[in-house]
Amino acid sequence: MGKFYITTAIDYVNSRPHVGTAYEKIAADAIARYRRLAGDDTFFAMGTDEHSLNVQREAERRGLAPKAYCDEMAVVFEQTWRSLGISHDTFIRTTEPRHEAAVREIFARIHAKGDIYPGLYKGLYCASCEAFYQEKDLVEGKCPHHGIALQTIEEKNYFFRLTKYRDALLAHVRDVNPEFVRPEIRRNEILNVLEGGLEDISVSRASASWGIPLPIDPTQVVYVWFDALINYVAAVGFPAEPERFAKWWPADLHVIGKDITRFHCIIWPAMLLAADLPLPKSVFGHGFISVNGQKLSKSLGNVIEPEAIVSRFGADALRYFLLREIVWGGDGDFSWEQLERRYNADLANDLGNLLSRTTSMVERYLGGEVADPGGARDAFQQPLLREVAGGESIHFNDYWGRLDLARGLAAIWELVRRANRVIEEQAPWNLAKDQAKREELQQLLYDLLESLRITALLVAPAMPSKAQEIWARVGQPGEVAGARHLADLAWRVGARFTGIKAGPPLFPKQA
Ligand code: ZN
């Protein structure tokens, strides 16, 4: 048992959350919930990145002051995440005093180190990325991410000596902590950048007004990325609460999109080294979601808001679909057809049916109660559900322990499908007609209920509210999410289920 501090990227609030941003939060939430189930003391932080020029422009377009606009949007974001069952412990906004205090402290430390100096900046700037690019990074002379022309900016700025930390970073990523950047494709990308050499970066803006004033020159504001990255330490009490900070920092996992790995795997660790703070243990750059094979874009009009999916299929079905369908770390595709297929096959037919058949048979044949008769099963079940449950629990843990979320879910479905096949093979409706087969019937239904109890625990990180429904329907008290030990997954011998009743479908069929 240990501690686990996990974060997601904080989002720019200049547009509403969509299925792509939701994917990152859902995956991070599933990982956080899994760590809690495994008994780790877990802290999960997310938030909003508000000091962006894009945010300021959007606020102006709507005739609002930037802060008033951010106040509105922060609520939209947090409500969206709550509606998806996201279980974050804190939601940090970069306009909050606790964040601004952390930025001032980190900046002061780096400045005291002699790693901040004034200079003249001339560079190619993408206003959408809020980042400068070198000629070699461009694709056909344009932003590699946005495909838009870059502006040439020349102004007096303050610089951070990023170059000073290049050797230390290279050694760290290559030798000291090979898990620092994941997956492998992102690690190789970062190694290439480090081997190719770095340039010092500008950490202030002279022309911007919306931002945190630079402590050493209030005519400038802190560069938005330098500002935003600091949220990860601010969220756990840096610098005002040193004990809380010492408990949680360093972060165990930063979950981010693959397009922002350079900020998180080069600039951020260099800032931490300069500020004499420990480095996060791992940064994971996930892939992107397309819709019907096309990149999500406002101009294509294919941006899907999570709410549109939740209102039709429910939050847990969306969570399951994204986690099961997309290999964590790779790109994936969303389509309504594929969601519907997964929903009907895996959720309604496999899991939903198993619950409703089992509970209705226990009610009808055994009056809603069954105790483990013990021993009778070995004669007739092959393989034993007990053994399948044990084996698939181990597989699930192995996969989720190394963030192979899709395969971990597939392992649970091995158990669910096996349980459904046992029903076909043993035909409890026939056993129920024969008084001599009473014990076999009890054993079968006990084993099915126990399989469902374990399934509820296993699916809880991915589908928290449906897991709770299964948990309650198989007569378990309290919250399935309250489980704090993987030992709860062990098959129980000699237990008793009571108060089992048939209920409404867990996943109503979608037309
Ligand atoms: Zn760009």
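**View 1. The largest nonpolar core of this predicted model has 104 residues.** Within this core, I6, L84, W328 and M463 have the most contacts. Helix α17, which spans residues 438–459, gives the most to the core, with 12 residues. Residues of the core come from both domain 1 (3–286) and domain 2 (336–497), so the core lies between the two domains. Nonpolar side chains tend to be buried together in soluble globular proteins.

**View 2. Contacts of W328.** Neighbours within four places in sequence are left aside here. W328 is then in contact with Y23, A27, I31, V255, F284, H286, L403 and L405. W328 is also one of the residues with the most contacts inside the core of 104 residues.

**View 3. The zinc ion and its four donor atoms.** The zinc ion is coordinated by SG of C126, SG of C129, SG of C143 and ND1 of H146, at 2.0 to 2.3 Å. The angles among the four donor atoms are 98 to 118°, and the site is tetrahedral. For four tetrahedral donors the ideal angle is 109.5 degrees. Along the chain, the donors follow the spacing C-x2-C-x13-C-x2-H.

**View 4. C129 and H146, a pair that links distant parts of the chain.** C129 is in the loop between β5 (116–126) and β6 (131–133). H146 is in the loop between β6 and β7 (151–160), and the two residues are 17 residues apart. C129 counts as buried because its relative accessibility is 10%, under the 20% cut-off. H146, at 39% relative accessibility, counts as partly exposed, since this value falls between the 20% and 50% limits.

**View 5. An open sheet of three strands in the order β10-β12-β11.** The pairing in this sheet is antiparallel. β10 (204–205) and β11 (213–214) stand at the edges with a single partner strand each, so one side of each has no neighbour in the sheet. β11 and β12 (residues 217–222) run antiparallel and are joined by two bridges. L214 stands opposite D217 in β12.

**View 6. An open sheet of three strands in the order β16-β15-β17.** Here the pairing is mixed. The edge strands, β16 (294–295) and β17 (332–334), each pair on one side only. Two bridges join β15 (residues 289–291) to β16, and these strands run antiparallel. V291 stands opposite Q294 in β16.

Key:
Residues are numbered from 1 along each chain as its sequence is written. This is a predicted model: local features need pLDDT of at least 70, side-chain atom pairs count only at pLDDT 80 or more; totals for chains, interfaces and linings use all residues. Side-chain values use heavy atoms; hydrogens and water are left out. Two strands pair if DSSP finds at least two bridges between them. Helices (H or I, at least four residues) and strands (E, at least two) are DSSP runs, numbered from the N terminus. Donors are N, O and S atoms within 2.8 Å of the metal (3.2 Å for Na, K and Ca); water is not among the atoms, so sites may look incomplete. Four donors count as tetrahedral if all angles lie between 85 and 135 degrees; four count as square planar and six as octahedral if opposite donors are over 155 degrees apart and all others between 65 and 115; anything else is irregular. Buried means under 20% relative accessible area, exposed over 50%, partly exposed in between (1.4 Å probe, protein chains only). A nonpolar core is a set of buried Ala, Val, Leu, Ile, Met, Phe, Trp, Tyr and Cys residues joined through side-chain atoms within 4.5 Å. Domain bounds come from an automatic or database domain assignment. Contact means heavy atoms within 4.5 Å.
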